[in-house]
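Visitor: Hello! Could you walk me through this protein, one question at a time?

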Amino acid sequence: MTASQAAEVLRLLTVRGETLAVAESLTGGLVAAEITAAPGASKAFRGSVTSYATDVKQDVLGVDATLLEQRGAVDPQVAAQMAAGVRKVLGADWGLATTGVAGPETQDGQPVGTVFIAVDGPSVEVGGGFGGGKVAALRLNGGRTEIRMESVRSVLGLLLEELEHEQLGNERAQDTEQNGGN
């Protein structure tokens, strides 16, 4: 499923002339690997930051230090800031992020299977700046491998939803214009 998701993400981005960057923690580069496995990925994929260490989230992606200190790296706001940060750092139209606990032990007081995924892009901006984003909270079952792979599938699915939602909005706006605003 993820291979077809990645191919569809790339197809939509390429048609629109838009680009993608990825910030990964628990997935450790699996999202980027899935995207780059699809032919033609270089037309839309800018790159990724595997920010496994908390200080990389802060120093490279610009995640707020106080937020990391107070809540830890497994947090919905951290995911949103990672997506916005990678989008900005790598100069992409869209940013994706994954952060969570793949196991085997809890992290930052969060149980294994707690995952936050985020997307940041033109249609999800707030106030014209970075960091509006959309975040989803996941509670996944299974072992480390299953949790990581489901996180990849879910974050690609979240981006597809946003791209398709934006496409629908654009088609409706064009239809309204063509029909005299009726």
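Guide: Gladly! Let us begin with a salt bridge: E8 pairs with R11, and their closest N and O atoms are 2.9 Å apart. Keep in mind that this is a predicted model.

Visitor: Is E8 buried, partly exposed or exposed?

Guide: Its relative accessible area is 25%. Buried would need a value under 20%, and exposed a value over 50%.

Visitor: What about E18: which residue does its side chain meet in a salt bridge, and is E18 buried or exposed?

Guide: The N to O distance in this salt bridge is 2.9 Å, and the partner is R16. The relative accessibility of E18 is 14%. Because the cut-off for buried is under 20%, E18 counts as buried.

Visitor: How far apart are the closest N and O atoms of K134 and E162?

Guide: A salt bridge here requires a side-chain nitrogen within 4 Å of a carboxyl oxygen. K134 and E162 form such a bridge, and their closest N and O atoms are apart by 3.4 Å.

Visitor: Which parts does the pair of K134 and E162 tie together?

Guide: K134 belongs to residues 134-139, while E162 belongs to residues 144-178. The two are 28 residues apart in sequence, so their pairing ties together strand 5 and helix 6.

Visitor: Which of these two is buried, and which is partly exposed?

Guide: K134 has a relative accessible area of 32%, so this residue is partly exposed. The other value is 7%, and the residue that counts as buried is E162.

Visitor: Which residue is linked with K134 and E162 in a network of salt bridges?

Guide: The structure holds seven salt bridges. In the network, K134 and E162 are joined by E161.

Visitor: What is the volume of the largest pocket, and how do its lining residues divide?

Guide: The lining includes S25, Y52, G100 and R144. It divides into five nonpolar, four polar and two charged residues. The volume of this pocket is about 150 Å³.

Visitor: Where is the pLDDT below 50?

Guide: The chain has a mean pLDDT of 90, and 86% of its residues reach 70 or more. One stretch, with nine contacts beyond near neighbours in sequence, has a pLDDT below 50: residues 125-131.

Methods
Residues are numbered from 1 along each chain as its sequence is written. This is a predicted model: local features need pLDDT of at least 70, side-chain atom pairs count only at pLDDT 80 or more; totals for chains, interfaces and linings use all residues. Side-chain values use heavy atoms; hydrogens and water are left out. pLDDT is the predictor's confidence in each residue, from 0 to 100. Contact means heavy atoms within 4.5 Å. Buried means under 20% relative accessible area, exposed over 50%, partly exposed in between (1.4 Å probe, protein chains only). Helices (H or I, at least four residues) and strands (E, at least two) are DSSP runs, numbered from the N terminus. On a 1 Å grid over the protein atoms alone, a cavity is a set of points where a 1.4 Å probe fits but cannot get out, and a pocket is an open set with protein on both sides within 12 Å along at least five of seven lines; lining residues have an atom within 4 Å of a point. Grid points are joined across faces, edges and corners, and a volume is the space filled by probe spheres set on the points. Ala, Val, Leu, Ile, Met, Phe, Trp, Tyr, Cys and Pro count as nonpolar, Asp, Glu, Lys and Arg as charged, and the others, Gly among them, as polar.
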